[in-house]
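Notes go below as I click through.

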Amino acid sequence: MDVEPYMLHPKKIYLDHNATTPVDPRVLEAMLPYFTEKFGNASSTSHSFGWDAEEAVGIAREQVAQLIGAKPGEIYFTSGATEAINLAMFGICDYKMNNGNHIITCLTEHKAVLDTCRELEMQGYEVTYLKVDNSGAIDLEILRKSITKRTVLISLMAANNETGVLHPLNEIEAIATAYGIPFLTDATQSIGKIAFDVENNLVDMAAFSAHKLYGPKGIGALYVRSDAPFTLSRRLFGGSHERGLRPGTLNVPAIVGFGKACELCAHEWEKDFNRLGTLRNYLENELRKSEDVQINGYHSPRLPHMTNISFNNIDGSRLIRSLKNLAVSQGSACTSATWQPSHVLKSMGLTDELALSSIRIGLGRYTTEEEINIAISSIKEAIEKLKLPA
Ligand SMILES: *Cc1c(COP(=O)(O)O)cnc(C)c1O
């Protein structure tokens, strides 16, 4: 089949891969038969239409599990990371209802975690939001001291979606284990991009999404360690799909695509990691030649394929508007509709003004050196044109 990715829009260079990624043509090709001739319901046990679908789901579950070193039975398909996070957080809180009502998370988490925490606060939970320093790092000693007898969950993301800053999962896990507290990580930006393996990163639960790793939208997964000392309480009812945790007819084409996307990442993430890391560093080094430029999280371990850049003395909304040929984002995609300064950048000590003058650039599998060269010259041009009198 002759499908080309987003390069069909030659006038706009897509540099927003942290918001979503294009579907890899190989993923689309794997999905298509499951819309047409292989349309069966994976729960139909009385005929081959159902068996074919069930088998495809089984293969996909193995592919997803394999990417993170998990067992297939530890993967629960959901509609995405948001749902996986909701199932995990509410599921733990219900299960531990009689053990406590305290949750620890961080100010720079994605809204999927923060909004769930807000809802839990409405229901009487207490939430500690760890602060970060100006490089985006949490203080592990403060994490340790925040733990109380009533703490039921630690939820800290693997990599930040706005800055790419990584949390030290192993150190966090060691603390969580020492106190016997379940540890959930939102690994949506890490899985498929950097090494993430539940044999090494001993998290109890991890949430992720297919559309951030070249799979389709509307499908994701929750990983739950099989020997975890808890069982998630059910939040949804309607059947025994996904071992009762997530009932409802499985989205077979999306699951097949998710599986294929994970298989491709397992083989290709390191190649992308190295190539995109080099291109990202080149982009940053070129832009840092201007003294008006600051890279957020520069001194922290970060994802290799993205950067978050603040421009001093430049109006951020005018900057985005003048970069007409580039699809980049201001703050995170989820809040950029409202033009609020990014909560992540503000937590790192940026002023509202500087946070609003920041852009996130996310490279991806199809990003070329030529595109990065165009991005560099477009941004340099915009800086010159828009610079406000000091
Ligand atoms: C994209 C993203 C999510 C939400 O994923 P959905 O697929 O939209 O549910 C959650 N957390 C992080 C860090 C993300 O980047």
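Before listing any distances, a cut-off for myself: I call a pair of N or O atoms a polar contact if they lie within 3.5 Å. I also keep in mind that this is a predicted model.

I started with Ser209, where a side-chain N or O atom is 2.4 Å from an oxygen atom of the ligand. Next I checked Gln189 and found a polar side-chain atom 2.7 Å from a ligand oxygen. For His211, I read 3.0 Å between a side-chain N or O atom and an oxygen atom of the ligand. I then looked up the area: the ligand taken alone exposes 390 Å², and the protein buries 87% of that.

Ligand, shell. Which residues surround the ligand? I noted Gly80, Ala81, Thr82, His110, Met157, Asn161, Asp186, Thr188, Gln189, Ser209, His211 and Lys212. By class, I get eight polar, two charged and two nonpolar residues in this shell.

Sheet. I moved on to an open sheet of three strands, paired antiparallel in the order β9-β10-β12.

Zooming in on β10 (residues 306-311), I see five bridges joining it to the antiparallel β12. Across that pairing, Asn308 stands opposite Arg360 of β12.

Last entry: what lies across this sheet? I found helix α7 (residues 252-287) across β9, β10 and β12, running at about 10° to β10.

Conventions. Residues numbered from 1 in each chain as written. Predicted model: local features only at pLDDT ≥ 70, side-chain atom pairs only at ≥ 80, totals over all residues. Heavy atoms only, no water. Pairing = 2+ DSSP bridges. Helix = DSSP H or I, 4+ residues; strand = E, 2+ residues; numbered from the N terminus. Contact = heavy atoms within 4.5 Å. Axes fitted to C-alpha atoms, helices over the stretch in contact; angles between N-to-C directions. Near = heavy atom within 4 Å. Polar contact = N/O pair within 3.5 Å; in protein donor to acceptor, adjacent residues only side chain to side chain. Areas by Shrake-Rupley, 256 points an atom, 1.4 Å probe, with all protein chains shown as cover. Nonpolar A, V, L, I, M, F, W, Y, C, P; charged D, E, K, R; others polar.
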